[in-house]
Amino acid sequence: MSGLPLTLALREPIEPALARLREGSGAQCLSDHAFSNLYLFRAAHDYRFHPGDWPCVSGRAYDGTRHLMPLFALQAAPPDVLRGLLAGHDCLYPIPQSQAAGLCASQFRHWSSPDDADYLFDARQFADFPGRALAKKRNQVRQLLARCTPRCVPFDADTAGAARQVLQGWMAQKGRSRGDADESACLEAIADAAAFGLEGFVHFDGSQPLGFVLAQELQPGVFAMRFAKGLDSHVGIYPYMFQHFCRSFARPVDWLNFEQDMGLAGFRRSKRSYGPAALISKLRVALRD
């Protein structure tokens, strides 16, 4: 198998290349374009780094598609280079829509799947959950506050143990076995959050940890919510945590990116229940037959 397995040592040069792709994209920034996301989910997608003049990361999408993630803007590469990179892979992915316009339509085709799209939310709506559509979220927050007075502590090494306790409780409540879901990635994120650029809060009822969020700032004011875990025993913990993050984070929060739903019905219902402002398409680019 070609390419180098992802290790922490490969943060350089991968992260600077991804930072260049994120630059200037604002709220349309793809959640995938961060080394932390690639590294934490390296096993799930078999990510491998391909260095060279036109560096890429290869992997498998959740639907099994073999893809290459270019670590450069497509407009910078001659068509012959892109054709060569596609040999042995099903497509280039994820490609921002802004890069598709420069592709030669006679040589390349592109498409997108709703399963891949990032859910983008205006952070202002989390402040008070206004309107009829978000009335259920308002009521859930009221239920939580009627039951307890949450204590919110910034995530750091001192609260990492509490976050792990929440994750363990979440796994038990969901009936998950060890290693299922995103447990392994979440544990790594908790252990090395600062190195991955993850920030957030841990929420307590007295001494009992109820939930935590870990987010990553992709662009100024634009945050990908990488991990959010809460105990089902406390109705309203999720909308409360998102509301608190938008109201209380140390820097301005303008947009939240909840990432993709992977085609899972439960994820789709949950993410859509917060009323996304937009779905950010991620294109797949392949050669025309």
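Guide: Happy to! Let us call two residues in contact when they have heavy atoms within 4.5 Å. Please keep in mind that this is a predicted model.

Ile-14 belongs to the largest nonpolar core, which has 37 residues, and together with Leu-40, Phe-212 and Phe-227 it touches the most other members. Several elements give two or more residues to this core, including helix 1 (11–22), helix 2 (35–40), helix 9 (183–191) and strand 10 (208–219). Helix 8 provides the largest share, seven residues. Apart from this core lies another, of 26 residues, with Val-141, Leu-144, Phe-201 and Met-241 among them.

Two of those names, Val-141 and Leu-144, bring us to helix 7, where they are buried along with Lys-137 and Gln-140. Seen down the helix axis, these buried residues fall within an arc of 100°, so they line one face of helix 7. That face packs against helix 11 (237–248). On the other side of helix 7, Lys-136, Arg-142 and Ala-146 are exposed. The geometry of helix 7 (residues 135–147) can be checked too: at 1.5 Å a residue, its 13 residues should span 18 Å, and the end C-alpha atoms are 19 Å apart, which agrees.

Now for the rings. The whole structure holds 18 aromatic pairs. In one of them, Phe-35 and Tyr-39 have ring centres 5.8 Å apart and planes at 25°, so this pair is stacked. Both residues lie in helix 2, four residues apart, about one turn of the helix. Phe-35 counts as buried because its relative accessibility is 1%, and Tyr-39 does so at 10%. Compare Phe-126 and Phe-129: their centres are 5.7 Å apart but their planes meet at 70°, so that pair is edge-to-face.

Finally, the cysteines: a search of the whole structure finds zero disulfides. Cys-56 is buried at 1% relative accessibility, and its sulfur is 12 Å from the closest cysteine sulfur, in Cys-91, which is too far for a bond. Cys-246, buried at 16% relative accessibility, has its closest cysteine sulfur 13 Å away in Cys-152, again too far for a bond.

How values were computed:
Residues are numbered from 1 along each chain as its sequence is written. This is a predicted model: local features need pLDDT of at least 70, side-chain atom pairs count only at pLDDT 80 or more; totals for chains, interfaces and linings use all residues. Side-chain values use heavy atoms; hydrogens and water are left out. The expected span of a helix is 1.5 Å times one less than its number of residues. Buried means under 20% relative accessible area, exposed over 50%, partly exposed in between (1.4 Å probe, protein chains only). The arc is that of the directions from the helix axis to the C-beta atoms. A nonpolar core is a set of buried Ala, Val, Leu, Ile, Met, Phe, Trp, Tyr and Cys residues joined through side-chain atoms within 4.5 Å. A disulfide is a pair of cysteine sulfur atoms within 2.5 Å. Rings of Phe, Tyr and Trp (its six-membered ring) pair if their centres lie within 6.5 Å; planes under 30 degrees apart count as stacked, over 60 as edge-to-face and the rest as tilted.
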